[in-house]
Amino acid sequence: MALVMISTFTAFHGERRLASGPLDAVALAIKRVEGQASAPIAIFDDLTGRAVDLDLRGSDADVVARLARHQKQGETAEPAAAASEPRGRGRPKLGVVAREVTLLPRHWEWLNAQPGGASVALRKLVEQARRATGDADRARAAREAAYHFMSAMAGNLPGFEEATRALFADDRRRMAGHIATWPADIRDHVVRLAYSDRAD
């Protein structure tokens, strides 16, 4: 069974964490304090660590409806593009999409000799690789998310370069030492993004 990643978002008011959770909840929390904000407010996708921009004009209902439309468009953008292409091979009702793969002749010979043919063999190889590298892929994505957030929120803080090197070396203890003097909410969020899926 495939694991579906549901992204959460975190908003910062200056150096302080303002809210975390689903995008609509974070947007409404920002909307409530936006007029009295004494520092810039930044919103980050916790899955990628990248900043996102939100349109908070109108009522709460307007904001939530706009976010729902935007998320729905994002979910359907690829299938809509695929639907405009001429129908080829594959089983689209099952989510199978035909794409071009370029291999050497010896690779095609080996694939075609496998039970079920090239398509079945390729699907098995991809699933096997996903299982074998799943933990490493998740750890890499977590480090990249932490790096994107750090670059935006802590790029000018002392120890940033050293902390970045420690992050990519997967040296949690050394990284913790370099970020120890950072504002608590920023420091804690970096650690949560980088290591929340792994035990201490």
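How many aromatic pairs does a search of the whole structure find?

Author: Quick ground rules: this is a predicted model, so local features need pLDDT of at least 70 and side-chain atom pairs count only at pLDDT 80 or more, while totals for chains, interfaces and linings use all residues. Residues are numbered from 1 along each chain as its sequence is written, and side-chain values use heavy atoms, with hydrogens and water left out.

The search of the whole structure turns up four aromatic pairs. One of them is Phe-12 with Phe-149, a tilted pair with 5.3 Å centre to centre and 45 degrees between the planes. (Rings of Phe, Tyr and Trp, the last by its six-membered ring, pair if their centres lie within 6.5 Å; planes under 30 degrees apart are stacked, over 60 edge-to-face, and the rest tilted.) This pair ties together distant parts of the chain, with Phe-12 in strand E1 and Phe-149 in helix H4 (residues 117-154), 137 residues apart. Helices (H or I, at least four residues) and strands (E, at least two) are DSSP runs, numbered from the N terminus. Both Phe-12 and Phe-149 are buried, that is, under 20% relative accessible area, with exposed meaning over 50% and partly exposed in between (1.4 Å probe, protein chains only). Ring pairs also bring in Phe-44, making a cluster of Phe-12, Phe-44 and Phe-149.

E1 (residues 9-13) runs antiparallel to E2 (residues 16-21), paired over five bridges; strands pair if DSSP finds at least two bridges between them. Ala-11 has Ala-19 in E2 as its bridge partner. The E1-E2 hairpin has two residues between the strands, and Gly-14 there takes a positive phi near 65 degrees.

What packs on these elements? The buried residues of helix H7 pack against E1, E2, H4, H5 and H6, where contact means heavy atoms within 4.5 Å. Those buried H7 residues are Asp-185, Ile-186, His-189, Val-190, Leu-193, Ala-194 and Tyr-195. An α-helix has 3.6 residues a turn, so residues three or four places apart point the same way.

Glu-34 sits in the loop between helix H1 (23-33) and strand E3 (41-45), and it's partly exposed because its relative accessibility is 41%. Leaving aside residues up to four places away in sequence, Glu-34 touches Ile-41 and Leu-56.
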